[in-house]
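Here is a short report on one protein model. Please look at the sequence and the structure first, then read on.

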Amino acid sequence: MLVKDNIWIFLPAYNEATVVRDVIKDLKSCGYKNIVVVDDGSTDDTRKFTEEAGARVLHLCINRGVGAATRAAILFAKRKGVKFMVLMDADGQHYPSEIEKLINELQKQKADIVIGSRFLEQKSKMPFSRIIYNRIANMFTYFGKSTVTDSQSGFRLLNKVAIDNLELELDAYGICTEMVWKANTKKLNLVETPIKVLYTKYSQSKGQNLMRGVQTAYRLIKNRLYEH
């Protein structure tokens with residue numbers, strides 16, 4: 001049985017000052033104490049409001065992308081000896097109460113990584129552009145011989161085996177697919193569990209767009225070919 005004191009929550013964040021306090025508050029209300037915001041070179045008050053809300057800040061001097069923030073989170077977890085880490089978006093689209101689903105699935109499946117999938121059960125109305133992007137991204141993930149329904153989900157739980165063995169390289173959004181590829185290469189047990197998400201005008205303004213999607217695809221192909 002996992003205790004919440006052993007679970008660390010990491011929130012990669014770039015200019016999330018308008019929502020980060022509420023996200024931290026919601027996490028604390030669910031009983032999570034170890035909360036780290038990875039401030040990816042924000043130019044607003046993300047860092048200030050995070051500290052005021054009582055969470056730890058890992059501050060990156062320049063904005064490098066969600067991949068760099070994720071890699072910083074994993075490196076911190078390795079050095080800290082963290083047993084379980086949750087990655088979730090800082091824009092408020094994920095429900096902290098659903099971390100329990102990831103925990104339950106990890107225990108049930110004896111998994112190393114659990115990805116919260118928005119597609120296993122269609123509970124939230126995902127914008128059409130996001131659906132198209134995710135389908136394309138899933139195709140690239142299949143290229144790595146891994147079949148997941150939601151390769152771009154930012155809501156993930158990793159155990160210590162995954163934390164200690166994943167060596168990721170990408171700075172931008174391609175990190176989501178890269179993690180799946182590397183997990184497959186390392187023969188880690190990766191599973192999914194259904195989640196719901198909250199889409200607001202604010203959260204929809206974040207994340208991928210078509211141009212970023214094209215850039216991500218290019219980096220993924222380049223990275224994959226370089227590996228071979």
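Glu-51 and Arg-47 both sit in helix H2 (residues 46–52), four residues apart, which is about one turn of the helix. Helices here are DSSP runs of H or I with at least four residues, strands are DSSP runs of E with at least two, and both are numbered from the N terminus. An α-helix has 3.6 residues a turn, so residues three or four places apart point the same way. Glu-51 forms a salt bridge with Arg-47, with the closest N and O atoms 3.9 Å apart. A salt bridge is a side-chain nitrogen of Lys or Arg within 4 Å of a carboxyl oxygen of Asp or Glu. Side chains of opposite charge can pair when their charged atoms come close.

Glu-51 is partly exposed at 47% relative accessibility. Arg-47 is partly exposed too, at 39%. Buried means under 20% relative accessible area, exposed means over 50%, and partly exposed lies in between (1.4 Å probe, protein chains only).

This is a predicted model: local features need pLDDT of at least 70, side-chain atom pairs count only at pLDDT 80 or more, and totals for chains, interfaces and linings use all residues. Residues are numbered from 1 along each chain as its sequence is written, and side-chain values use heavy atoms, leaving out hydrogens and water.

## The chain as a whole

The protein chain has nine helices and seven strands. It holds 228 residues, and 55% of them count as buried. Among its contacts with a separation of 6 or more, 76% join residues 24 or more positions apart. Contact means heavy atoms within 4.5 Å. The accessible surface comes to about 11300 Å², and 54% of this belongs to carbon and sulfur atoms. Accessible areas come from the Shrake-Rupley method with a 1.4 Å probe; for residues, only the protein chains shown count as cover.

## More salt bridges

The whole structure has 11 salt bridges.

| Pair | Closest N to O distance |
|---|---|
| Glu-51 and Arg-47 | 3.9 Å |
| Asp-171 and Arg-71 | 2.3 Å |

Asp-171 forms a salt bridge with Arg-71. This pair links distant parts of the chain, 100 residues apart: Asp-171 is in the loop between helix H6 (160–165) and helix H7 (175–185), while Arg-71 is in helix H3 (residues 66–80). Asp-171 is partly exposed, with a relative accessible area of 26%. Arg-71 is partly exposed at 22%.

Lys-182 lies in H7 and Glu-169 in the loop between H6 and H7, so the pair ties together parts that are 13 residues apart in sequence. Lys-182 is buried at 13% relative accessibility, whereas Glu-169 is partly exposed at 47%. Salt bridges that share partners join Arg-64, Arg-71 and Asp-171 into one network.

## Helix H1 and the cores

Which residues of helix H1 are buried? In H1 (residues 20–29), they include Val-20, Val-23, Ile-24 and Leu-27. Seen down the axis of H1, its buried residues fall within an arc of 95°, so they line one face of the helix. The arc is that of the directions from the helix axis to the C-beta atoms. Lys-25 and Ser-29 are exposed, on the face of H1 turned away from its buried side. The buried residues of H1 pack against strand E1 (7–13), strand E2 (34–40), H2 and helix H4 (99–109). Gly-31 follows H1, and its phi is positive, near 95°.

The largest nonpolar core has 31 residues, of which Ile-9, Leu-11, Leu-27, Ile-99 and Leu-157 touch the most other members. A nonpolar core is a set of buried Ala, Val, Leu, Ile, Met, Phe, Trp, Tyr and Cys residues joined through side-chain atoms within 4.5 Å. Apart from this core lies another, of 29 residues, among them Val-38, Ile-74, Val-82 and Ile-163.

Thr-50 lies in helix H2. Thr-50 is buried, at 0% relative accessibility. Beyond residues up to four places away in sequence, Thr-50 touches Val-20, Ile-24, Val-37, Ala-55, Arg-56 and Val-57.
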